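Morning, everyone. Please bring the model up on your screens, and we will walk through it together.

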Amino acid sequence: MPFLGQDWRSPGWSWIKTEDGWKRCESCNQELERENQYNINHNIILNSEDEEIFNNEECEYTSKKRKKDHFKNDTNTQCFYREKWIYVHKESTRERHGYCTLGEAFNRLDFSSAIQDIRRFNYVVKLLQLIAKSQLTSLSGVAQKNYFNILDKIVQKVLSDHQNPRLIKDLLQDLSSTLCILIRGVGKSVLVGNINIWICRLETILAWQQQLQNLQMTKQVNNGLTLSDLPLHMLNNILYRFSDGWDIITLGQVTPTLYMLSEDRQLWKKLCQYHFAEKQFCRHLILSEKGHIEWKLMYFALQKYYPTKEQYGDTLHFCRHCSILFWKDSGHPCTATDPDSCFMPVSPQHFIDLFKF
């Protein structure tokens with residue numbers, strides 16, 4: 001008998017063999033009747049209402065369709081792989097055909113679990129930010145699902161534990177700006193997937209931004225030892241270990257003592273020397289009225305022109321012998337006699353560059 005169904009991969013309708021031949025199941029017939037009844041009623045409503053109501057119904061239908069497409073595409077199920085490493089090859093060989101893409105690497109390297117590790121959190125966020133800025137259109141449909149599912153988990157994590165909200169705000173700002181440009185230029189640029197799905201994603205991002213904007217830090221009641229109880233030399237030592245100027249400013253807002261320590265000129269001088277070269281200082285010198293160098297102002301001025309050094313607790317690693325990208329604690333099947341000598345840490349930008357052709 002002929003195959004009946006909208007999709008050749010679907011099982012079609014359910015049939016029962018009777019003396020008179022094959023007949024469709026009654027339950028399926030009832031569903032069809034309900035669908036037909038709904039369509040008839042809908043047509044009657046549309047024919048009876050005026051043009052304004054028709055336009056409202058049409059807008060509502062478009063919105064529902066957009067959300068339906070978004071729901072179908074952005075399901076919470078993700079693609080998981082047993083191996084947490086990927087072979088990076090850019091051309092076909094006798095042993096391997098094809099090449100490795102950014103989307104494939106994003107699916108295989110288990111970033112969903114990595115965001116739960118405090119050592120890897122900043123690394124994954126920076127990687128997502130770089131993808132949002134320049135590589136969003138290169139992600140496949142499955143990689144897009146994983147990307148936005150991981151982003152959703154990151155936002156929910158920040159909303160629950162109130163940690164690193166500034167990083168996520170910057171990420172969502174870059175992502176929304178990129179999406180606005182791509183959606184406005186649809187047809188001129190390549191967007192993988194339905195435009196309704198991307199519009200719904202943009203609406204979700206705007207909702208996340210609003211939630212983070214309304215985030216209120218709850219004051220913790222603790223009767224034990226607090227940061228303010230530490231001696232000055234220990235507080236100063238903590239500030240000197242920060243590599244981000246905004247973190248120093250944020251900590252300085254906690255107490256007057258920390259504010260005084262965060263304004264130390266020597267602290268900002270060390271921070272500038274850590275991130276920038278002396279030649280860069282000479283090009284952007286900022287002097288006070290008394291002729292002293294304003295190191296704090298110089299740090300933020302230099303930050304606009306030159307990239308700062310990145311510091312992460314844990315990163316992906318690349319094996320030069322096997323051409324495999326992996327998390328170091330997960331390992332990979334290395335065939336080198338001295339594997340550790342072949343490993344090199346991979347920065348977020350290096351990760352993106354590995355998949356540029």
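Ground rules. This is a predicted model: local features need pLDDT of at least 70, side-chain atom pairs count only at pLDDT 80 or more, and totals for chains, interfaces and linings use all residues. Residues are numbered from 1 along each chain as its sequence is written, and side-chain values use heavy atoms, with hydrogens and water left out.

Some terms. Helices (H or I, at least four residues) and strands (E, at least two) are DSSP runs, numbered from the N terminus. Two strands pair if DSSP finds at least two bridges between them.

Now the sheet. It is open, with four strands in the order β3-β5-β4-β6, paired antiparallel. Which strands stand at the edges? They are β3 (85-87) and β6 (343-346). Each has a single partner strand, so one side of each lacks a neighbour in the sheet. Look at β4, residues 316-319: four bridges join it to β6, and the two run antiparallel. One detail there: Cys319 has Phe343 in β6 as its bridge partner.

Next, the hairpin. It joins β1 to β2 through two residues. β1 is residues 15-18, β2 is residues 21-24, and four bridges join these antiparallel strands. Ile16 stands opposite Lys23 in β2.

Last stop: Gln135, in helix α5 (residues 118-135). Buried or exposed? Its relative accessibility is 15%, so Gln135 counts as buried. Buried means under 20% relative accessible area, exposed over 50%, partly exposed in between (1.4 Å probe, protein chains only). What does Gln135 touch, leaving aside neighbours within four places in sequence? Gln135 is in contact (heavy atoms within 4.5 Å) with Leu102, Leu130, Ile352 and Lys356.
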